[in-house]
Structure formats: structure tokens, C-alpha cells
Amino acid sequence: MTHVQEYDAVVIGAGFAGIYMTHLLSEGGYSVRTYEAGESVGGTWYWNRYPGARCDTPSEFYSYTFSEELYKGWTWSSFYPKQEEIMDYLNYAVNKLNIRENIHFNTAMKSADYNEENKRWEIHFTDGLKVQAKYFIPAIGGLNAIHTEPHRPKIKGLENFKGVYQHTSRWSPEEVNLKGKRVGVIGTGSTGVQTIIEAAKEAEHVTVFQRTPQYVLPVKNPKLNSEQMKEMHDNFHSLDRRVLAHPTGMPSFPVLRNYSALENTPKERQQFYEQLYEEANGFQMIFAYNDLMLNEESNETLAEFLRSKIKETVKDPETANELLPTYLVAAKRPIVAKGYFETFNQNNVSLVNLRKTPFVDATEKGLRTTETEHELDIIIFASGFDVGMGPIRDSNIRGRGGVLLHKKWEEGANIKTYLGACHNEFPNFLPIGGTHYPLGVNVIGPTQVMGKWIYDLINHFDKHGIEEIEPTLEAEETWTNHVNEIGEMSFYSTVDSWFNGGNIEGKPRRILGYAGDFLMYQEQIEKSLDYKAFIHSPKLTHAINEK
């Protein structure tokens, strides 16, 4: 009989969340094994290697803050780190924390089943490996296209195209050379914007296929010198407090005027917005006034200003008009970039409005819309992710009675969680990141808050001789209702985006994350610490060793 290795905990994914969970559990004396589909740590940063890939959170706050030694041992080169530097940082962290031996690479999960007899999770992998664990902790996040097929718009006859096509989340730099090529980019979210800017620098021609125009906030990316890094390191002891006290976990973006945008005259607002636009400090514009994300009329003052800058920047009036968004600023995932709208002044860049001239099909030579055929050598799909449902559906996670989690969720029509980290009828299943986690928040803050919460939960119930833990139905319902109510009140419900599933044709429209700010989320976590929301059963005689 084949021996099946058993661990206290199995973690899936070696991005920021998976690395942190592996560290906490290993340091706490638990046997933990982490499985990563890629060849390296990095999570979404490993897979998203498209041209121009860069983080839009300042590097000072895109770092772990749980360890002073870890924080001070790393030096960032710029204010906003590139994909390659984030990869270097995470490899540094894994080595510094001495957990590389806990991570098994090139191993993709196939399914996970809860065994009600021995109260263990059985996790199966695509290479035939099978392991067991008391605790099953997927850290695959929401922006994941590895445990699911990348989202692409349905284009008839794509298999007929004789050129190359790739999705940005499966990018292979070795296989794609944009220099001198006719490139089509489908999608204008953050990934699409970054890709378009870089592609336009070397491609013969770039055709941008746009479904929805975007607000793109200007940003500069200065290099960090040794004095700036020393200041960051010297401020470490206040760092965690500052991150936790900021509504998005990014203290470099304070609310500049702590009153309504409507309290200034139009001239005063215009001058202030012009000043901020010139400073080009990314997300800072969203925090110009204290009600830009709360009051539609206030938000519209910023929206109109940004539209005026698009018309001012793009020389061709028709193209400029096609690039004007009509929804609220930051109702979709905010985008920051340098030189996006200027790109459309280049002779080698053209815009196609898919709302007016949708795709008909793909041909051997390129893509045909209702207006014309666009001849292409390379098609880049920057078309986003099936957030929440995609990774869960394709991970085939079965709880009690063999019920698939995505079936419990009615394929997205009835998503239910407790704090985004627990599920009724799925004992000891503790995902970190993904559905019902905070939207519009620097991911590092919630990752550390919830990673510590999950670890403390495990430790607490283990010490009390508990074998199974899961939230009550009431707790799950209460949290889910809260998420839905906050979501419907937010700007996120006003326009189709991946925040609500509106980016996927036929997907049920539901707010997929927590629309309250980081402070509100922490309040909810604080309320849960009495553990009254949990059902639990005693430990079996053959259970894992006491900690």
C-alpha cells in the first residue's frame, strides 16, 4: 500500500500570502508543506511577466512588516518596484526566513477532498502526488490564472490565426518578441495599460482593442537613494501602526484636504487638481478630499477634471473622445501609469472601440471587427481574471458529503464565506486571499492581518484539543450579508468590473470582495476574536501531536 505523507498543514501557492503562512506555521512548530505550480516563489508576480509589469503600491509598503530584520535587510531600487525586483524580494524573504525547504515547486493542485472518517484533507496534484493534512490553506488569491484557464473574450475562429497569441498571465518572454511586429492588445485594465505603453516603444504598430475607457492617474517612479532607504529603515517601528491606520494600507497617500470637494470653489478645485496632476503621485489624487470615494457629486468633479486632461493630451479629437470614461473614478480598479494617453499620439498606435465595432472573428491574418480586418503578428490578451470563482471552480474543493465549493456557491450566484477565510461544511479549510477579502487595499496589510488570524485560530483550537473547526451557518450568513450590503452601497456596484464579476460574460454579478476600507475590515476581525462564530468537535485519539 502506498504511503501517503501527512502534514499538520498544507499551503497552496508561494506568493506573499503563502510564504507568510508557511513562515508562521513553521516557526510555530507545525509540520507544513507548501506546493507551488511554478518554478519559483512569487505567486501572481511569477506568472505575470508581461512587458512593463510593475507594482503600483509604493515599495515601502509592499514589504512584509512582521520582522524588523527582514525589512531592514532589503533595499528597494525605486518607489514602485518592477516585477523582477518583487521576485528578487520574495526569494530573499524565503531564504532569510529559512523556509525554502518547506516549498515544493512545479506541483499544481488538482483537487482537495475532506475525509469525514479521519477528519483530514486529501490533496491531489496533477503529477499524481497525494498528501493529507489537518489544515488546508489555499493561498492562491483572486487574481489567479494558474489554477484556472486565463480569461479570454470569446472570439470565433481564434485557432485559425497563424500568428502568436498569449495571455499576460501566462507570459513567456522567450517566445514573444514585439520588436518590429504588428501587435494587438485586447484589454485596457492595469495590465493592458502597462503592456500597451511598453509595446508601443518597439512594435511596428500597436492596435488597442478597448471595451471600456479608463481613468489613468499620472505617476512618476523616482529611484530611491541610500538616504531614502535609511529613512525607511529608521521608520520601521512606526511602519506597522501607520499601515494599519490607513484606509488602504498605504500611508504615503494621506487625505490632503479633510473636507468635501464641494466645499471648495470650482476655481480652487481646478487649481488643486492641476497641482496634484503635475506632481504625478499616482493614487494620491483619489485622496485629494475626504469624500471622493463617498459622494458621487464630489467624485464627478475629479472625473470631469481627468476627462479634460485626456482631451488636452490626446491630439486627435475622435480618439480622445473614445478614451473618455463616463463612470465614477475608482469604481473600477484604479490605474496609475506614465505616458498612457500620450501613446495615442504616436503614429504606430491606433484605437478600436469594441463597443461600436465588436469582434466578428479571428482570421489567419488577424482579428476582424464589424468595421474591418486588423492584420496582426501577435495578439496579447490583457483581458483580466475570473476573480473568485475561477480559481475555486478549477481547484475542485469538496467538503462534507463531497459537495464542491463552487456548487455550494451556485457557480457564483450565492457566494458565502465567513471573513473570507472560512466556510460552513468545509472544516479546517482556511483560504487566505481571494473572495470576500478587502478590495482597493494594499494586499500586504490584509495578508498579514489574516495570516496571523488564521495561525492564532489554529493554535487556539489545537491547544484546546479540537479536531474540526468551521463557522456556523449564522456567522456565514451575517458576514456575507454585511459584505453584500457594503458592496451595494459602494461605487464598485455602479459599473461592470472584476470587482463584481461584470468583466466575465455570463458570470453572476456579485461583489466579490469586501468594499469597506481596511479599518472597517480590521474592526470585523477584532469582533471575531472570541471565536463564538465557530462550531468545533473534539480531537480524535490518533490526532496530530500536541503543540
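Two strands are counted as paired if DSSP finds at least two bridges between them, and strands (E, at least two residues) and helices (H or I, at least four) are DSSP runs numbered from the N terminus. The model is predicted, with local features requiring pLDDT of at least 70 and side-chain atom pairs counting only at pLDDT 80 or more, while totals for chains, interfaces and linings use all residues. Residues are numbered from 1 along each chain as its sequence is written, and side-chain values use heavy atoms, with hydrogens and water left out.

**Strand pairing**

In β6, E6 has Q132 as its bridge partner. The two strands concerned, β1 (residues 5-12) and β6 (residues 130-138), pair in the parallel sense over 7 bridges. Both belong to an open sheet of 7 strands with mixed pairing, in the order β3-β2-β1-β6-β5-β4-β17. The edges are formed by β3 (103-104) and β17 (397-398); each has a single partner strand, so one side of each is left without a neighbour in the sheet. In a regular strand the side chains alternate between the two faces of the sheet.

Another parallel pair consists of β9 (residues 205-210) and β12, joined by 5 bridges. Within this pair, T207 stands opposite S350 in β12. Relative accessible area is classed as buried under 20%, exposed over 50% and partly exposed in between (1.4 Å probe, protein chains only). Strand β12 (residues 349-353) is largely enclosed by the rest of the structure, because 4 of its 5 residues are buried.

**Salt bridges and cysteines**

Side chains of opposite charge can pair when their charged atoms come close. A salt bridge is defined here as a side-chain nitrogen of Lys or Arg within 4 Å of a carboxyl oxygen of Asp or Glu, and the structure holds 27 of these salt bridges. Three of them are listed below.

| E467 | R120 | 2.6 Å |

The salt bridge of E467 with R120 connects strand β18 (residues 466-471), which contains E467, to strand β5 (residues 120-125), which contains R120, so the pair ties together parts that are 347 residues apart in sequence. E467 is buried, with a relative accessible area of 1%, and R120 also counts as buried at 1% relative accessibility.

E375 counts as partly exposed at 40% relative accessibility, and R182 is partly exposed with a relative accessible area of 26%.

A network of salt bridges links K119, R400, E425, E468 and E470. Disulfides, defined as pairs of cysteine sulfur atoms within 2.5 Å, number 0 in the structure. C55 is buried, with a relative accessible area of 4%, and C422 is buried with a relative accessible area of 2%.

**Pockets and cavities**

On a 1 Å grid over the protein atoms alone, a cavity is a set of points where a 1.4 Å probe fits but cannot get out, whereas a pocket is an open set with protein on both sides within 12 Å along at least five of seven lines; lining residues have an atom within 4 Å of a point. Grid points are joined across faces, edges and corners, and a volume is the space filled by probe spheres set on the points.

The second largest pocket has a volume of about 570 Å³. Its lining comprises 22 residues, of which G52, R54, K82, E198 and K201 lie nearest the centre. At least two lining residues come from each of α4 (83-96), α5 (190-202) and β11 (335-337), and α5 gives the most, with 4 residues. Residue classes are nonpolar (Ala, Val, Leu, Ile, Met, Phe, Trp, Tyr, Cys and Pro), charged (Asp, Glu, Lys and Arg) and polar (the others, Gly among them). By these classes, the lining of the second largest pocket has 9 nonpolar, 4 polar and 9 charged residues.

The whole structure contains 5 cavities of 30 Å³ or more. The largest cavity has a volume of about 150 Å³, and its lining divides into 9 nonpolar, 8 polar and no charged residues. The second largest cavity has a volume of about 70 Å³, with a lining of 8 nonpolar, 1 polar and 2 charged residues.
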